[in-house]
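User: I'm new to reading protein models. Could you walk me through a few features, one at a time?

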Amino acid sequence: MRETVRALVVRADGKAFFVRHPEKNPADRLPDGLGRWATIGGGIEASDKDHIEALKREIEEEFGPEAVQNFRFGPKISLSVRPDRIDHFYAAHFQGERLEPVATQEIGATRWVALDEAQSLDFFF
């Protein structure tokens, strides 16, 4: 079974950060070619010594090594068990000015949203 780590990223003004990835599965693809909104993160690899290291690696891959320095990771906040995978969700506070993807082939869109606005987004989970 695949295991992933996900980060619910918030910044000082209370806004949360979400991403959309290009969607390969036609059944899940929205008209613009992207998938639904999701938190940042990805698969846990055998070389990751723990979940936080896996999150840092994913952030570095998608946003660059400088971005990792601007995160403070909090506790595990949720666990989602599905038939095909387990998602471990962690709190993460972003303390930088900007969060821009460097892996543009992996991330199609990003957005900071107020938590009350997030309820209107079409989420993956």
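User: Let's start with R57. Is R57 buried or exposed?

Analyst: This is a predicted model, so keep in mind that we're reading a prediction. To call a residue buried, you check that its relative accessible area is under 20%. R57 has a relative accessible area of 15%, so R57 is buried.

User: How are E61 and R57 placed in helix 1?

Analyst: They're four residues apart in helix 1 (residues 51–63), so about one helical turn separates them.

User: What about R85, which partner does it have?

Analyst: R85 forms a salt bridge with D87, with the closest N and O atoms 2.8 Å apart. R85 is buried at 12% relative accessible area, and D87 is buried too, at 0%. Elsewhere, salt bridges with shared partners join E45, D48, R57, E58 and E61 into one network. Searching the whole structure gives 10 salt bridges.

User: Next, rings. How do I describe an aromatic pair?

Analyst: You give the distance between the ring centres and the angle between the planes. This structure holds six aromatic pairs. One of them is F71 with F73, which is stacked: 5.8 Å centre to centre, with 10° between the planes. F71 is buried at 3% relative accessible area, while F73 is partly exposed at 22%. Ring pairs also link F17, F63, F71, F73, F94 and W112 into a cluster.

User: Where does the charged end of R11 sit?

Analyst: It sits over the ring of W112, 4.5 Å from the ring's centre. Likewise, R20 lies over the face of W37, at 5.6 Å from the ring centre.

User: Last one: which strands pair with strand 1?

Analyst: For each pairing, note the direction and count the bridges. Strand 1 (residues 2–10) runs parallel to strand 5 (residues 85–94), joined by nine bridges, and V10 has H93 as its partner there. With strand 3 (residues 40–43), the pairing is antiparallel over four bridges, where V5 partners G42. Strand 2 (residues 16–20) also pairs with strand 1 in the antiparallel sense, over two bridges, with V10 opposite A16. Strands 1 and 2 make a hairpin with five residues between them, and G14 in the turn has a positive phi of about 85°.

Methods:
Residues are numbered from 1 along each chain as its sequence is written. This is a predicted model: local features need pLDDT of at least 70, side-chain atom pairs count only at pLDDT 80 or more; totals for chains, interfaces and linings use all residues. Side-chain values use heavy atoms; hydrogens and water are left out. Rings of Phe, Tyr and Trp (its six-membered ring) pair if their centres lie within 6.5 Å; planes under 30 degrees apart count as stacked, over 60 as edge-to-face and the rest as tilted. Buried means under 20% relative accessible area, exposed over 50%, partly exposed in between (1.4 Å probe, protein chains only). A charge sits over a ring if NZ of Lys or CZ of Arg is within 6 Å of the ring centre and within 35 degrees of the ring normal. Two strands pair if DSSP finds at least two bridges between them. A salt bridge is a side-chain nitrogen of Lys or Arg within 4 Å of a carboxyl oxygen of Asp or Glu.
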